Amino acid sequence: MATKFFGTHLYMFFLVSCIYSLYPSSAAANYNVLSFGAKGNGVTDSTQSFIKAWAAACGSTESATIYVPKGRYLLRSMAFKGDSRSSDITIRIDGTLVAPADYRVLGQADSWISFEGVSGVSIIGGALDAKGTALWNCKAKGSNCVSGVSIIGGALDAKGTALWNCKAKGSNCPNGATTLNFSNSNNIRINGLVSINSQMFHIVINGCQNVHVEGIKVIAAGDSPNTDGIHVQLSRNVNIMSSSIKTGDDCISIGPGTKNLWIERVTCGPGHGMSIGSLGKDTNEEGVQNVTVKNTTFVGTQNGVRIKSWARPSNGFVQGIRFLDAVMRNVQNPIIIDQNYCPHNLNCPGQVSGVQINDVTYQNIRGTSATQVAIKLDCSTKYPCKGIRLQNVNLKYLNEVAQSSCNNVIGKKLGLVQPNNCL
């Protein structure tokens, strides 16, 4: 993404490497960011102080701890990258890290705080306040415009200038930054962290192995755009436990190349629920396999548990999925497979999904649907969903009988299934 200048604000992206020669190893590897010049007043830019603390921790041959005391620490975009002498670095945060008030400072970056190619890093406690509200408002200015009409032939003055100006107001906004991003990293732990008002995704786990996320709180408005709570892709052996996610998009989104993902005791809402996908956007794409979602609660979400793929050719797949022991409270689509995803009817009309879905279990799913169709399984006409199991499902719609809808599905029911089984 291109870097731009905004008045006197210069967006700077710090690529931080571990500089061993500046910080020799030490057995007493504890580093307080205040010792490196950080100020917890929420006004002074403490970016360089955090960079120096990281470099010092990397130079240690022992386990190292970077400590962030109580206070509010203003930080610009930072990427911590490079091999470390220490195989165990803990960042313990008692304060709050805050983004610049001007959303454009972070808005052109891919991430606010990122870790690339690291191993053995833990983040314990603290809060990340990305101040994304102003960017959401910028984007909303262009989303409330009418579509407009087309007129062919003749000489008519449609006076479209006002509509163009309306749409332009939203088009000048930057995409926004992910708050916390781990990429190509191993043995990562995130515990007790709070993420507030991210510009885009809150937490991204991309190309990682052996990641444990627990006790996370994600907080954003229900109408905040593209603010997925946790996004996982191209990663394996990831656990997400005992967390609360309130946001405007997917609570947890699961992308291509995810394997051995375990999600347990997570509460979602508001938001779009938990989603495998969208998949199949690209023709060549890695599959999703061995995902377990257990003991979850959905409150007022757009979806409960969803599998979504583009209606276009792809060699992707979904296999070995378990949705177990979920409670739905006024959820619009508690159980849904949508293989006809085609936003704005662009690049996919008239096509069918090539993503093959097999071996998916829905067990002990109960609660209330906000719509009459509580179970909707809409699979590919070319590759029907196979091995779908509904077991002990009890979903109700107000005081009426809920309904189910199945297209191109091969499966079976076990035990009591309400609404009536459509398989």
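Tutor: Because the model is predicted, local features need pLDDT of at least 70 and side-chain atom pairs count only at pLDDT 80 or more, while totals for chains, interfaces and linings use all residues. Residues are numbered from 1 along each chain as its sequence is written, and side-chain values use heavy atoms, with hydrogens and water left out.

Student: How many salt bridges does a search of the whole structure find?

Tutor: A salt bridge is defined as a side-chain nitrogen of Lys or Arg within 4 Å of a carboxyl oxygen of Asp or Glu. With the whole structure searched, the number of salt bridges found is 7.

Student: In the salt bridge of Asp45 and Arg76, how many residues apart are the two partners?

Tutor: The side chains of Asp45 and Arg76 meet at 2.4 Å, N to O. Asp45 belongs to strand 5 (residues 41-45), and Arg76 to the loop between strand 7 (72-74) and strand 8 (78-81); strands (E, at least two residues) are DSSP runs numbered from the N terminus. The pair thus links distant parts of the chain, and the separation is 31 residues.

Student: Is Arg76 buried or exposed?

Tutor: Buried means under 20% relative accessible area, exposed over 50%, and partly exposed in between (1.4 Å probe, protein chains only). Asp45, at 32%, is partly exposed. Arg76 has a relative accessible area of 16%, and therefore counts as buried.

Student: Which residue forms a salt bridge with Arg306?

Tutor: Arg306 is buried, at 9% relative accessible area. The closest N and O atoms of the pair are 3.1 Å apart, and the partner is Asp250.

Student: Which residues are linked in a network with Arg322?

Tutor: Arg322 forms a salt bridge with Asp359, with 3.2 Å between the closest N and O atoms. Asp359 lies in strand 29 (residues 356-369) and Arg322 in strand 27 (residues 317-331), so the pair ties together parts 37 residues apart in sequence. The residues linked with Arg322 in a network of salt bridges are Asp359 and Arg389.

Student: Which strand gives the most to the lining of the largest pocket?

Tutor: On a 1 Å grid over the protein atoms alone, a pocket is an open set of points where a 1.4 Å probe fits, with protein on both sides within 12 Å along at least five of seven lines; lining residues have an atom within 4 Å of a point. The largest pocket is lined by 23 residues, and Lys308 is among those nearest its centre. With 3 residues, the element that gives the most is strand 26.

How values were computed: Helix = DSSP H or I, 4+ residues; strand = E, 2+ residues; numbered from the N terminus.
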